[in-house]
Amino acid sequence: MKIIVLAKHAPDPQSEVGVAGDGKSLSLGTAVFDINDWDRYAVEEAIRIKEKMGGEVVVVGVGKNEDTLRKCLAMGADRAIKIPFEAGLDAYQTAEVICEAIKNEKFDMIFAGLMSQDYNNSQVGVLLAAMLNLPFATAVTSIEIGSGMVKVKREIEGGYQEAVQLPMPCLLTIQSGINEPRYVSIMGIKKAKTKELKEVNIAPKKSTVEVAKMYLPPVKKAELITGDPSQIAKKLIAILKDRGLIG
Amino acid sequence: MKVFAVAEHRFGELNPLSIELLNLANKLGESNAVVIGKDVAKFAGELAKYADKVWKIEDASLENYNPELYIDVLLQLFQKEKPDVVLIGNTAQGAEYAPYLAVKLNAPIVTDVVGVNATNGLVASRFVMQGKIMVDLKIKSMPCVLTVRQGAFKEGVQKSGKIIDAGIKPSKPAGRKFIEYIQPEAGEVDITKSNIIVAVGRGIEDAANISLAEELAKALGGVVAGSRPVIDNGWLPKDRQVGISGKVVKPKLYLALGISGAFQHVMGMKDSELIVAVNKDPEAPIFGVAHYGIVANIFDIIPELLDKLKGK
Ligand SMILES: Cc1cc2nc3c(=O)[nH]c(=O)nc-3n(C[C@H](O)[C@H](O)[C@H](O)COP(=O)(O)OP(=O)(O)OC[C@H]3O[C@@H](n4cnc5c(N)ncnc54)[C@H](O)[C@@H]3O)c2cc1C
Ligand SMILES: Cc1cc2nc3c(=O)[nH]c(=O)nc-3n(C[C@H](O)[C@H](O)[C@H](O)COP(=O)(O)OP(=O)(O)OC[C@H]3O[C@@H](n4cnc5c(N)ncnc54)[C@H](O)[C@@H]3O)c2cc1C
């Protein structure tokens with residue numbers, strides 16, 4: 001089983017982020033970057049399948065991605081393809097360069113994350129499926145491999161799931177929680193250093209959207225309860241008592 | 001502008017988001033609803049109250065949603081009808097097939113849209129960084145595809161549109177096959193029945209800290225629930241998850257501890273009677289839905305609350 005996994009190097013959404021001076025891009029100053037959370041689950045799932053059935057796991061990253069690709073190799077992926085292209089503004093371009101980079105690979109499945117934790121587009125995986133004319137399923141929460149086909153469960157609203165079957169090759173986008181991703185071991189990091197990380201230079205041909213403006217959303221703000229922790233607790237309990245929520 | 005809104009239904013119910021798509025369509029120009037299924041007369045009638053035209057696409061093979069078949073029939077319709085804008089709900093269904101459809105229409109796509117401005121070309125607004133920042137995206141060519149967030153276009157006008165049978169069938173069988181829908185597992189505690197919910201997010205940091213939240217819930221007479229990462233990490237069972245892919249709750253008190261307030265979470269708790277949020281980040285989007293906000297470390301606040309509740 002050969003599986004290609006897309007892995008994005010992304011800022012932690014918990015970090016302090018703002019809008020840069022140009023009013024059109026993010027200012028990520030001290031943000032901590034790591035593998036996109038959904039992609040961690042996707043890489044883990046691919047490695048588990050390989051460990052069970054044999055084969056190869058190839059990770060692909062677009063942008064300043066080296067740390068994340070190295071991490072995937074340390075987790076157990078076999079080789080990595082890095083596409084250093086950075087200028088893109090839309091998911092189309094990301095998918096387009098990935099498409100070009102993997103078009104000569106023979107694969108059984110491609111895994112992407114359901115969503116990136118920074119831009120939250122949820123597009124790249126399915127755009128790529130369309131460019132490669134592959135059957136696809138998103139928000140996958142379990143994978144069972146048969147002969148020439150795969151049965152998956154995908155998450156829909158309200159805790160329901162939908163079971164579907166797809167022929168291979170196909171593309172799946174992985175939902176968080178599908179497995180428990182492993183931690184990288186020292187052994188893994190050592191081994192990763194000997195694995196292939198190939199760089200390919202590709203630029204997209206077209207751009208479909210452009211940023212007109214970036215800003216902080218206008219929001220109604222909660223009434224703040226302030227003070228030291230003891231005062232805050234006292235005030236909150238008073239509010240709850242007042243409303244008859246506690247005795 | 002000629003706008004097509006693709007309706008959504010499951011288990012015999014029309015998703016109300018379909019009407020919200022038409023509200024937006026009516027603002028932009030001529031509104032066309034498309035409804036796909038085995039027998040969609042009932043839905044078409046409902047949609048006609050909000051659309052200039054309703055296009056029915058019916059076939060036995062369309063009984064259950066299948067992205068390949070949906071794309072197949074929509075491409076046939078759009079080849080004839082040439083839309084400027086295609087609107088699709090940003091749901092488990094819509095978000096799945098919309099990007100694929102966009103590629104095949106050679107159309108730009110913007111997902112999870114909450115605002116549209118058509119005064120100078122088409123500009124779509126959406127959040128990035130899980131709600132912390134907003135971006136206006138200029139769409140460079142038409143036709144385009146937009147997936148639309150629930151709740152963003154609630155106001156609209158009434159119409160009494162014409163229902164048209166599009167006479168379109170899938171041109172070939174799909175590679176992907178529908179097997180079945182799987183019901184959510186019933187757990188021991190039904191969090192939707194509780195008046196008081198203490199909800200923890202990734203800010204709780206570790207499985208070992210769940211007991212703190214449990215102690216607090218007990219002192220308040222409520223139950224513990226969590227955001228998705230807490231469930232993904234196995235710190236709480238799945239039936240305790242609040243949000244779009246978990247449960248929708250409306251308790252008298254929702255105490256959110258270390259939850260950022262991502263849209264997918266907020267959809268599950270925004271109608272709670274009283275929402276109190278504790279988060280160390282003053283910019284956390286949860287403060288946009290909370291009635292009371294506390295900018296602090298939850299590990300400083302929880303012990304103080306416990307102390308005072310027990311000593312009362
Ligand atoms: C307003 C805005 C401004 C932007 N500005 C820039 C910019 O200046 N420079 C820049 O380089 N990018 C920029 N981007 C981001 C870049 O174009 C994104 O990679 C692209 O939009 C994909 O969308 P996403 O990151 O939301 O991925 P999604 O579609 O949400 O990601 C889904 C999955 O696709 C895969 N994937 C996504 N991106 C990558 C990647 N880079 N490498 C490998 N796999 C990936 C992952 O598996 C991921 O889980 C910007 C995006 C937006 C919305
Ligand atoms: C299709 C889909 C469905 C989804 N369904 C759901 C769903 O049903 N429910 C759901 O919850 N999510 C869902 N999500 C995930 C959602 O997008 C968010 O990723 C998730 O809600 C974030 O959870 P969180 O707020 O706990 O974590 P984070 O976003 O990481 O936020 C943690 C917060 O805790 C704060 N914090 C950290 N430490 C402390 C401390 N010591 N004291 C105080 N504050 C602290 C931080 O400032 C931060 O704001 C879904 C996503 C997708 C794509």
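# Two ligand sites in a predicted two-chain model

By class, the residues that form the shell around ligand 1 comprise 13 nonpolar, eleven polar and four charged residues.

Ligand 1 lies between chains A and B. It is surrounded by 28 residues, and the closest of these are A:Lys8, A:Asp39, A:Glu86, A:Ser116 and A:Gln123. Several elements of chain A each supply at least two residues of the shell, namely β6 (56–62), α3 (91–102), β8 (109–113) and β14 (209–215). The largest share, three residues, comes from β6(A).

Oxygen atoms of ligand 1 also take part in polar contacts with chain A. A polar atom in the side chain of A:Thr94 is found 3.2 Å from an oxygen atom of the ligand. The side chain of A:Asn121 places an N or O atom 2.9 Å from an oxygen atom of ligand 1. In A:Ser122, by contrast, the atom concerned belongs to the backbone: a backbone N or O atom lies 2.8 Å from an oxygen atom of ligand 1. Taken alone, ligand 1 exposes 920 Å², of which the protein buries 90%.

Ligand 2 is surrounded by 31 residues, the closest being B:Ser227, B:Val242, B:Ser245, B:Ser260 and B:Asn279. The surrounding residues come from chains A and B, and the site is therefore shared between chains. By class, the shell around ligand 2 contains eleven nonpolar, 16 polar and four charged residues.

The polar contacts of ligand 2 described here involve chain B. A backbone N or O atom of B:Arg228 is 2.9 Å from an oxygen atom of the ligand. In B:Gln241, an N or O atom of the side chain lies 2.8 Å from an oxygen atom of ligand 2. A polar backbone atom of B:Gly246 is 3.4 Å from an oxygen atom of ligand 2. Taken alone, ligand 2 exposes 990 Å², and the protein buries 93% of that area. The elements that give two or more residues to its shell are α6 (228–232), α7 (263–266) and α8 (298–311) of chain B.

Chain B can next be considered as a whole. It contains eight helices and 17 strands, and its C-alpha atoms fill a box of roughly 70 × 45 × 35 Å, taken along the principal axes. Of the 312 residues in chain B, 60% are buried. The chain exposes about 12,200 Å², and carbon and sulfur atoms supply 48% of this area. Among contacts between residues at least 6 apart in sequence, 62% join residues at least 24 apart.

One buried residue of chain B illustrates such surroundings. B:Leu47 lies in helix α2 (residues 41–47) of chain B. With a relative accessible area of 0%, B:Leu47 counts as buried. Leaving aside neighbours within four places in sequence, B:Leu47 is in contact with B:Ala7, B:Leu14, B:Ser18, B:Ile19, B:Leu22, B:Ala33, B:Val35 and B:Val54. The C-alpha atom of B:Gly258, 211 residues away along the chain, is separated from that of B:Leu47 by 41 Å.

The peptide bond from A:Met168 to A:Pro169 is cis, with omega near 0°, and A:Pro169 lies in the loop between β11 (161–167) and β12 (170–174) of chain A. In chain B, the peptide bond from B:Met142 to B:Pro143 is likewise cis, with omega near 0°; B:Pro143 is in the loop between β9 (133–139) and β10 (144–148).

Two loop residues other than glycine have a positive phi. For A:Asn120 the value is near 55°; this residue is in the loop between β8 and α4 (124–131) of chain A and, at 8% relative accessibility, counts as buried. For B:Lys82 phi is near 50°. B:Lys82 is in the loop between α3 (67–81) and β6 (85–89) of chain B and is exposed, with a relative accessible area of 55%.

Finally, the cysteines may be examined. Over all chains the count of disulfides is zero. For A:Cys72, the closest cysteine sulfur is in A:Cys170, 20 Å away, and this is too far for a bond. A:Cys72 is buried, with a relative accessible area of 0%, and B:Cys144 is also buried, at 0%.

Methods: Residues are numbered from 1 along each chain as its sequence is written. Chains are lettered from A and ligands numbered from 1 in the order in which they are written. This is a predicted model: local features need pLDDT of at least 70, side-chain atom pairs count only at pLDDT 80 or more; totals for chains, interfaces and linings use all residues. Side-chain values use heavy atoms; hydrogens and water are left out. A residue is near a molecule or strand if one of its heavy atoms lies within 4 Å of it. A polar contact is a pair of N or O atoms within 3.5 Å; within protein, one must be able to donate a hydrogen and the other to accept it, and residues adjacent in sequence count only if both atoms are side-chain atoms. Accessible areas come from the Shrake-Rupley method with a 1.4 Å probe; for residues, only the protein chains shown count as cover. Helices (H or I, at least four residues) and strands (E, at least two) are DSSP runs, numbered from the N terminus. Ala, Val, Leu, Ile, Met, Phe, Trp, Tyr, Cys and Pro count as nonpolar, Asp, Glu, Lys and Arg as charged, and the others, Gly among them, as polar. Buried means under 20% relative accessible area, exposed over 50%, partly exposed in between (1.4 Å probe, protein chains only). Contact means heavy atoms within 4.5 Å. A disulfide is a pair of cysteine sulfur atoms within 2.5 Å.
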